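Please consider the chain shown below together with the report that accompanies it.

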Amino acid sequence: MQHEHVGSYMVYLPMELHVHIRHKLITDPETTISQLRSLRLVCKLFDTLWSPMVMHNMTLFTGDPIHHVNRLFDIVRDKGTTAAFTTTLTLRNWEFLEFRWSFWKLRNPWHYLSLDTLRHFKETLYCVQARRYASLLPDKLQLPYLRCVRLFFPRSESNWATYHLTRMLTAFSQLTELELTIAVNVDMAYVAQCLRHLQGLRKLKLVILYVRRLGYLPQPEINRFSRFIADNHNITHLTLRPCTRNFNLSELFLDVPSNRPLILEHVSCNDNCQNFEGLLPHIQSLSSFEFQCDRSNTWCTTLSDAGIFPPTIKAYSLDPQITIYLMKHPGIVGLSIYEEGGTMSAIEGDQLCSILAQHSATLHYLKITSPNLTLMLRTLQNELNFKQCKNLREIVLNGRYGAFYSPLTRALWESDKSYHEKQIFPVLAHLNCSLTVVLKYVQVAIFDACVEFCGKSDDSFVCNLAGRLVLEPWAT
C-alpha cells in the first residue's frame, strides 16, 4: 500500500544533515540572530535543535566581586562554565577591576585595622585576582558561535578595562554585531584605537551616556570612530543614541571614501542627531529608518528631497513633516507610530487613516497603541479607510498606558482593562483571515480577557480572530 507523505521533507532528514545545515547558517555572515531564532518556531525538532544555539547570552559580570573572581576562575581553569553555544556576550561592570584604593594601605594594613579598611583590603585582593584571570580570557574564552558583543564603558578613570575588554574581541573572528555603550567622558580616541582590529562588522550600535557627576555635557569626540567605521565597510545596520545635542552625523563618515560609501540598510537615531545630509551617500539602499523623538521629525525634509523612501519607518510622533513625507512615499510596507504611547489628536487620527488607505496595497505591518487606534476608528469614514488595508499581515497593539492619556481614556481603561482592544477587534477581524494581532505590554489577565471576548463573539470573523492573538509580555 502506498502511503501519502504528510508534512515537510525537511523534518525527515538525518540529524547529521540538520547539524551540518545549522553550522552553515550560524557561520554565514548574512544570517542574523533574529532569523536564526525564528527557526525555533518551525516545529519541536527545530526548537530542540536551535534553542541551545540562539538563546544563550553570557554576561561578564553581574553580582558581587566574589562572583566576578569565581566566574573568571571557572573560565580560565576550564571548569565547564563557558557555554560553547553562546551567541551573545555582554561585558559590563568591569570598573570593579580598576584599582581605586591606596597601595599604601596594602603595604601598611596594620596601621588601618578598622572594619572599613579591612573590607577595602579584601576587595582589593579580589581585584588583584580578577585582573590576573581577566588578562588570560582572550586565550581561554572559547566561543566559536559568538555573533554579538555588548560592551559597556561607564568610567574614564583608567584605560585598563578598555584595553582588556577590546583585546578579548581579537579571539572572535566571526563577530558581526557590536553594541558600544560609552560614557560621555570616556577617552573615545583610545577606545577607537583598541577596536581597530575589528573589520568584519555588519551591525553597529553606538550609545553615549550622560554622566551625572560631571554636571555638564562635554561634546563627545565622535569623529574618533570615523576610521573604525571606514574599516568596517560591510556595515548594513547602524544605530546611534548620543546624549548630547548637535551630534553631527557627517563626522562619523569622514574617513569613508567618497567613491565607496557604505550600503546601509537600516539606520536608527534620535533627535540629538543633526546634519542628515551626511547620511545621504550611505543610505541609497535604505530599507528601514527609525527616529526616536516625540517632538519633531527633523529628518523628513532631507530624505524627501533626496528621494529616499525606505519601505519600513518607525517614528514616535505624527507631525506635519512626517505626514507630508508619508503622503509622498511610493509604498510603505511597515509603519510604527507613537511607540512610546503618546496621544494623537483627532485631526492626526484622520490623517493617519488616509495615509494607511493610500498605502493599503503594500502595507503589511502596523504598530500603534490601542487607545490611538480606537481614536482613529471613531468615525465611519476612518473605519472604511482602515478596512482597505486588506494586505496587513501583522498588527502590534502597544498596551502601555501612562499619565499622558486624557482623563476619559484613563477612565475607560480603569473600568475595563481591555476596553480599547474590544473596540478594535471587530474591525481587525474583517481585514484579513490570516492577520496576526500581537498584544504588546499587556498583562496576561488582559490577554485572556481579549481571547475570551473574541471566542464568545456572535461574529464568526471575530471568533476566528481568537486563534490569531499573540501575547508579547512586558520587557524584562
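The report turns to strand pairing, then to a helix and its surroundings, and last to a surface patch.

The model is a predicted one, and the description begins with strand β10 (residues 288–292), where four of the five residues are buried. On one side of the pairing record, strand β8 (residues 266–270) runs parallel to β10 and is joined to it by five bridges, with Cys 269 standing opposite Phe 291 of β10. Strand β11 (residues 312–315) also runs parallel to β10, to which four bridges join it, and within β11 the residue Lys 314 is the bridge partner of Glu 290.

| Strand paired with β10 | Bridges | Direction |
|---|---|---|
| β8 (residues 266–270) | five bridges | parallel |
| β11 (residues 312–315) | four bridges | parallel |

Helix α13 (residues 346–358) has 13 residues, which at 1.5 Å a residue should span 18 Å, and this agrees with the 19 Å that separates its end C-alpha atoms. The buried residues in α13 are Glu 348, Gly 349, Leu 352, Cys 353, Ile 355, Leu 356 and Ala 357. Their cover includes the helices α12 (320–328), α14 (370–376) and α15 (380–386), as well as the strands β12 (334–336) and β13 (365–369).

Elsewhere, Met 10, Val 11, Tyr 12, Leu 13, Leu 17 and Ile 21 make a nonpolar surface patch of about 480 Å². One of these residues, Leu 17, is found in helix α1 (residues 15–26). Because its relative accessible area is 40%, Leu 17 counts as partly exposed, a class that lies between buried, under 20%, and exposed, over 50%.

How values were computed
Residues are numbered from 1 along each chain as its sequence is written. This is a predicted model: local features need pLDDT of at least 70, side-chain atom pairs count only at pLDDT 80 or more; totals for chains, interfaces and linings use all residues. Side-chain values use heavy atoms; hydrogens and water are left out. Patches are made of residues with over 30% relative accessible area and no salt bridge: like charges are joined within 9 Å, nonpolar side chains (Val, Leu, Ile, Met, Phe, Trp, Tyr) within 5 Å. Accessible areas come from the Shrake-Rupley method with a 1.4 Å probe; for residues, only the protein chains shown count as cover. A salt bridge is a side-chain nitrogen of Lys or Arg within 4 Å of a carboxyl oxygen of Asp or Glu. Helices (H or I, at least four residues) and strands (E, at least two) are DSSP runs, numbered from the N terminus. Buried means under 20% relative accessible area, exposed over 50%, partly exposed in between (1.4 Å probe, protein chains only). The expected span of a helix is 1.5 Å times one less than its number of residues. Contact means heavy atoms within 4.5 Å. Two strands pair if DSSP finds at least two bridges between them.
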